[in-house]
Amino acid sequence: MKIQINGRWYKAFEGEMVLDVLRREKIDVPALCAHEAVEPFGSCRLCMVEITHENWGGWKGNVTSCLYPVEDKLRVTTHTPKINELRKMILNLLLARCPNAPEIQKLAEEYGVTITDFVPRPDADDCILCGLCTRVCAEMGFYAISIVGRGYGREVGTPLNEAPPDCTGCLACVNICPTHCIKYEDVGNVRKIWDREFELVPCKRCGKTIITREFADRLIKDKNLPEDYFDLCDDCKRDDIAKNMSKLVIWQDKKEEVKR
Amino acid sequence: MKIDSPQKLKEWRDRCLKKKAAAKNTIVVCFGPGCLASGCREVYAKFAEILEERKLKDITLKSVKKTGCHGLCEKGPLVVIEPEGIFYTRVKPAHVKDIIENTIINGEVIDKLLYKDPKTDKRIEKYHDIDFYKKQTRIALRNLGHIDPDDIEDYIAAGGYSAVVKVLTSLTPEEVIEEVSISGLRGRGGGGFPAGKKWATCRKVDADTHYVICNGDEGDPGAFMDRSIMEGDPHAVLEGMIICAYAVGARDAYIYVREEYPLAVQHLYKAIEDAMECGLLGENIMGTDFSLDIHVSRGGGAFVCGESSALMKSVAGDVGEPRAKYIHSVVKGLWDQPTVLNNVETFANVPEIINKGGEWFKSIGIETSTGTKAFSLVGKVENTGLIEVPMGITLREIIFDIGGGIKDGHKFKAVQTGGPSGGCLPETYLDESVDFDSLTKAGSMMGSGGMIVMDDRTCMVDVARYFLKFLVDESCGKDVPCREGLYQLHSLAVKVTEGKATEDDLALMEKLSEFIVIGSLCGLGKSGPNPFLSTVRYFRDEYLAHIRDKKCPGGVCRELITYEINDKCTGCLACIKPCPVDAISGEKKKIHVIDQALCTKCGACYAICQFDAIDIK
Amino acid sequence: MIKRLLVTPSLCIGCRTCELACSLTHQENGKPGRSRIYPLEVGKEQFVPVVCLQCDDPACVKSCPVGALALEESTGYIRLSYEKCIKCRACVAACPFGCSLVDEDQDKIVKCDLCEGNPACARFCPTKALVYK
Amino acid sequence: MKVDVDVNEVKEIIGRSPQKPSFLIAILQDIQRHFHFLPPEAIKETASALGVPLSKVYSVATFYNAFSLEPRGEHTCRICMGTACHIRGASMALEQAEKQLGIKAGETTPDLKFTLEVVNCVGACAMAPVVIIDDKYYGNVRVDKIKRYLEGA
């Protein structure tokens with residue numbers, strides 16, 4: 001099928017959302033809570049676009065592109081004056097929640113908002129409550145953290161405010177966070193996150209670490225992977241494969257070989 | 001006793017009616033939420049105690065019936081003597097002996113317990129003759145106050161389950177949907193979507209299974225219609241749900257009800273048990289291959305669960321967070337299966353539509369909004385209570401005829417409908433028709449049926465602030481415009497009530513509101529700014545008075561008012577003791593003085609003064 | 001017919017042209033990417049270029065918790081979707097050949113993508129130790 | 001304040017409902033009714049019995065008004081904040097109750113004697129404003145009476 005975006009026609013596939021097409025075609029639309037690793041959520045509302053339905057007699061509406069399924073001949077406008085104003089207002093509100101988040105400041109500036117019209121949150125952290133961390137944690141199958149409470153006071157947290165028993169220290173939450181506000185620390189072979197400590201598995205040969213013991217164990221168990229895959233680091237594994245292969249190679253005089 | 005044919009039901013009904021006719025009198029004690037609060041339990045206990053003592057031949061405890069809400073909560077606890085229909089108000093345990101001795105035994109009416117018409121000051125004996133009831137048409141509330149909700153035989157005697165029997169023995173699902181479509185019944189939960197159309201769409205979706213959900217999560221503060229129906233006539237709700245399940249092809253249905261309504265939960269469980277016992281629920285209902293189980297889902301109390309997608313997540317045991325509804329729940333609802341969701345009142349109407357026909361229902365009300373609507377009429381009216389009126393009635397008729405006008409001779413200012421998502425309408429709309437479309441056009445909405453009357457001592461900015469606070473507390477917080485926007489809108493409203501806002505703030509509030517409406521994910525957010533938008537539309541001068549003159553015309557916003565004692569003061573000392581901060585000083589027969597530095601503007605003195613000697617400035 | 005990157009270690013002279021080609025092909029915002037191929041010295045003047053084998057039953061794909069890695073049937077190679085990748089390093093730890101790597105400079109996970117069907121390493125290999133056919 | 005919770009009691013309550021995730025809210029309601037709050041042990045026990053992630057149980061427990069994670073007082077003072085009560089001055093009643101008890105709405109006195117709650121409409125709008133202490137309703141409440149009501153509990 002084909003959909004029209006800002007006057008140009010693009011190919012789209014059944015089951016896709018409008019934002020999928022926009023991203024594939026590199027059409028710039030801001031979105032803070034959408035990530036392909038997880039289901040669309042519709043929390044930040046920045047990706048809203050105007051759509052016109054040919055099939056519904058030219059019906060127009062503003063929808064979140066991350067959640068709106070494509071359909072043939074759908075017309076999409078990504079930057080109407082109203083949508084731009086809406087994004088400005090949202091960024092204005094986000095700046096009040098997270099006045100110190102560089103990512104929000106930068107995006108707001110792009111939309112001409114340099115200072116919020118509202119009263120900024122005192123002692124603000126940089127969390128915009130997009131829920132990507134909790135959703136990715138669930139997607140990983142860990143469900144270690146979740147949204148706690150509701151409304152303006154909702155926050156991302158661990159069960160009962162204790163160290164989360166289901167966390168594996170995989171850092172998916174850290175890496176997906178659009179404002180980089182989840183803190184962790186790696187010291188030697190110890191990773192600290194969410195008030196818990198994890199052992200980073202050291203390479204049996206060189207000691208280099210990649211992931212935590214808990215994460216490795218879950219991968220071995222859930223994904224049915226052989227335990228010894230996790231004994232060495234990638235560098236040592238490459239060394240080994242090179243050495244093993246070299247045993248199979250019939251080495252000849254290089255110059256001769258190359259000439260031939 | 002299994003009902004498997006129209007004949008069996010008729011026989012049972014006849015037996016029930018005969019039993020009823022045999023009793024000399026029935027003493028009906030209202031157990032509606034209002035009467036429960038005003039002490040009907042003690043009244044009932046007293047009846048039990050005295051009847052036990054007296055050991056009368058034809059009047060025993062069995063003659064005393066606990067029913068659901070009668071409606072006139074203002075005058076509770078209510079006791080009605082059937083079959084005469086003698087209507088006693090404000091009954092205290094102390095009156096019970098007289099009622100038994102005088103009315104029941106000697107047939108004398110006790111004058112002082114009768115309802116006094118506020119207009120004529122005359123006592124009225126029968127409740128059908130009271131203005132409050134005369135203008136009402138009761139369909140959804142038809143059995144409230146008449147039947148014992150815990151006794152299925154009472155419901156059967158009132159013609160109950162005849163609609164289910166009719167449907168299962170003589171109508172195809174399509175015919176049922178057709179009848180509901182003809183009736184023009186629109187969802188009573190607020191949106192007003194045509195029920196027949198919803199059912200038809202759901203039926204057509206090809207899926208493993210279909211679900212029916214009854215929304216009993218009445219979250220509006222100041223509304224108790226659905227609660228009253230579930231408490232007072234649970235079988236009517238079940239009957240409507242059974243008919244709907246048959247029509248759409250559902251095998252399981254859920255009633256989502258707040259745990260905070262323990263009586264409703266208890267009555268629903270009992271009703272389901274009784275209906276299963278007589279074969280009207282469960283496997284192979286009436287010997288047909290239609291089976292249905294109805295489950296009670298006890299909600300945890302979250303206003304956002306009034307939103308269908310949130311409610312369905314809550315039924316599934318999850319956090320009640322709504323999702324975007326680009327795919328409707330009729331197609332993909334509970335556990336991703338096609339689901340019909342209607343509210344309690346909608347379902348309660350259905351049996352009557354089947355019994356009396358869609359055309360009959362359509363003849364009530366107006367063309368685009370057929371039938372009736374239940375409201376809880378509260379606030380500053382004389383007759384607070386639960387009412388049901390034909391669509392198309394005017395607000396004036398409701399407030400002044402049924403409601404008996406404004407309390408204490410004050411002046412009407414506004415009426416709020418639609419709950420927190422609705423709006424406030426001024427005097428100029430009093431003659432407006434009460435129906436889905438007119439209310440929406442006027443900037444409010446029907447909502448589930450809260451109707452709050454406000455007088456000249458109400459501050460409209462404060463009302464907006466109140467609703468915004470409610471919505472801030474109840475927003476699930478999923479999306480930015482609703483979570484952050486309503487929070488900031490509320491903060492700005494507080495600024496106005498404190499006299500600290502500027503006209504720029506008011507402009508910002510209006511702009512912010514516009515984008516909360518466009519940007520929010522679900523209905524809560526989209527309609528969230530309504531309390532502000534409708535008040536600023538009709539009462540802008542009140543906002544400006546707060547902003548420019550630093551005055552609260554309603555005398556409510558504490559930062560902007562002072563309580564002062566005028567020369568009407570007789571020096572009676574009455575106001576001195578109630579003052580919680582000892583701010584009032586004075587001697588007997590001398591005008592008292594309020595120390596403004598101490599006064600917290602709680603209004604205790606104002607409430608107690610008999611001489612109009614306290615001014616709010 | 002699925003094309004494969006054939007490695008003939010005996011032809012490799014350890015010139016590291018492949019590394020350079022790979023790194024430059026995968027540059028982003030002016031930053032060269034970390035090379036996905038490594039000619040490792042296993043003896044005197046003996047080199048084995050180690051690069052992703054595009055396994056038939058890949059541990060990296062199995063390990064990925066969000067489905068960012070997928071074996072493409074039509075081309076026979078394992079594609080990493082950067083839109084999906086959450087940089088959890090499961091694949092880095094799981095690959096038995098050490099061919100999923102962390103590119104610290106670009107802050108992403110990298111693995112050989114055969115340059116989407118035209119591998120630069122093979123094109124630039126002066127000795128045909130790397131051939132794509 | 002620590003409240004001792006018998007895990008067997010918790011297990012018994014959970015056992016009354018089918019062990020399915022859709023009964024999560026119902027089970028938490030039963031636990032709440034029994035203990036007047038959700039003890040951490042009970043939350044953990046529920047999670048493992050239903051096979052629902054602990055974080056999800058915690059989300060649900062913190063989402064709904066019905067649940068409290070803090071132990072409740074012996075008495076509950078509920079101030080109705082429904083619209084009808086509001087326009088008849090319920091906020092003054094709340095303020096007075098807060099002052100009398102020295103706690104904010106939603107909190108419990110340190111001696112676990114009183115919990116102060118705000119509710120949205122109890123259906124007693126005719127007697128607004130309404131204060132409910134344990135099961136006793138007080139209608140047409142005047143601020144100066146609150147102290148006496150609380151002392152009566």
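The paragraphs below lead through a predicted model, from the contacts between its chains to the sheets, domains and single residues within them.

Among the 4 pairs of chains that touch, the most contacts are found between chains B and D. Some chains have no contact with one another: chain B and chain C are not joined by any, and their closest C-alpha atoms are 22 Å apart, while chain C and chain D, likewise without a contact, have their closest C-alpha atoms 17 Å apart.

Chain C does, however, meet chain A, where 37 residues of chain A are in contact with 36 residues of chain C. On the chain A side, at least two residues each are supplied by helix H4 (132-139), helix H5 (172-176), strand E11 (209-212), helix H6 (213-222), helix H7 (234-248) and helix H8 (254-259). H7(A) provides the largest share of that side, with 10 residues. Sorted by class, the side of chain A that touches chain C consists of 21 nonpolar, 4 polar and 12 charged residues.

Within chain A, the domain assignment gives domain 1, covering 2-79, and domain 2, covering 162-244. The centres of these two domains, taken over C-alpha atoms, are separated by 37 Å.

Chain A also contains an open sheet of 5 strands, arranged in the order E2-E1-E5-E3-E4 with mixed pairing. Strand E2 (8-11) and strand E4 (59-64) of chain A stand at the edges and have a single partner strand each, so one side of each is left without a neighbour in the sheet. From one strand to the next, the twist averages 30°.

Strand E1 of this sheet can be followed residue by residue. E1(A) pairs with E2(A) in the antiparallel sense over 4 bridges, and A:Ile3 has A:Tyr10 as its bridge partner in E2(A). These two strands form a hairpin with 2 residues between them, and A:Asn6, in the turn, has a positive phi of about 50°. With strand E5 (residues 75-77) of chain A, by contrast, strand E1 (residues 2-5) runs parallel, and 2 bridges join the pair. Here A:Gln4 stands opposite A:Arg75, and A:Ile5 stands opposite A:Val76.

Chain B is divided into five stretches by its domain assignment: domain 1 (16-129), domain 2 (152-362), domain 3 (372-455), domain 4 (460-547) and domain 5 (562-617). The C-alpha centres of domain 2 and domain 3 of chain B lie 27 Å apart, and the contact between these domains takes 15 residues from domain 2 and 16 residues from domain 3. On the domain 2 side, helix H10 (residues 225-232) of chain B gives the most, with 3 residues. By class, that side of domain 2 has 3 nonpolar, 6 polar and 6 charged residues.

B:Ala253 lies in strand E8 (residues 250-258) of chain B. Why does B:Ala253 count as buried? It has 24 other C-beta atoms within 10 Å, and a residue is counted as buried if 20 or more lie within that distance. Apart from its neighbours within four places in sequence, B:Ala253 is in contact with B:Tyr211, B:Val212, B:Ile213, B:Met241, B:Ala245, B:Leu292 and B:Ile294. B:Asp615, on the other hand, is 362 residues from B:Ala253 in sequence and 57 Å from B:Ala253 in space, C-alpha to C-alpha.

Chain C, finally, has 4 helices and 8 strands, and from the N terminus on its elements run β-α-β-β-α-β-β-α-β-β-α-β. For its 133 residues, a compact globule would have a radius of gyration near 14 Å, and the 14 Å of chain C agrees with this. The C-alpha atoms of chain C fill a box of roughly 40 × 35 × 25 Å along the principal axes, and 48% of its 133 residues are buried. Among contacts in chain C between residues at least 6 apart in sequence, 56% join residues at least 24 apart.

Key
Residues numbered from 1 in each chain as written. Chains lettered and ligands numbered in written order. Predicted model: local features only at pLDDT ≥ 70, side-chain atom pairs only at ≥ 80, totals over all residues. Pairing = 2+ DSSP bridges. Axes fitted to C-alpha atoms, helices over the stretch in contact; angles between N-to-C directions. Contact = placed C-beta atoms within 7 Å. Nonpolar A, V, L, I, M, F, W, Y, C, P; charged D, E, K, R; others polar. Domains from an automatic or database assignment. Buried ≥ 20, exposed ≤ 12 C-beta atoms within 10 Å, placed from the backbone. Rg over C-alpha atoms; globule rule 2.2 N^0.38 Å.
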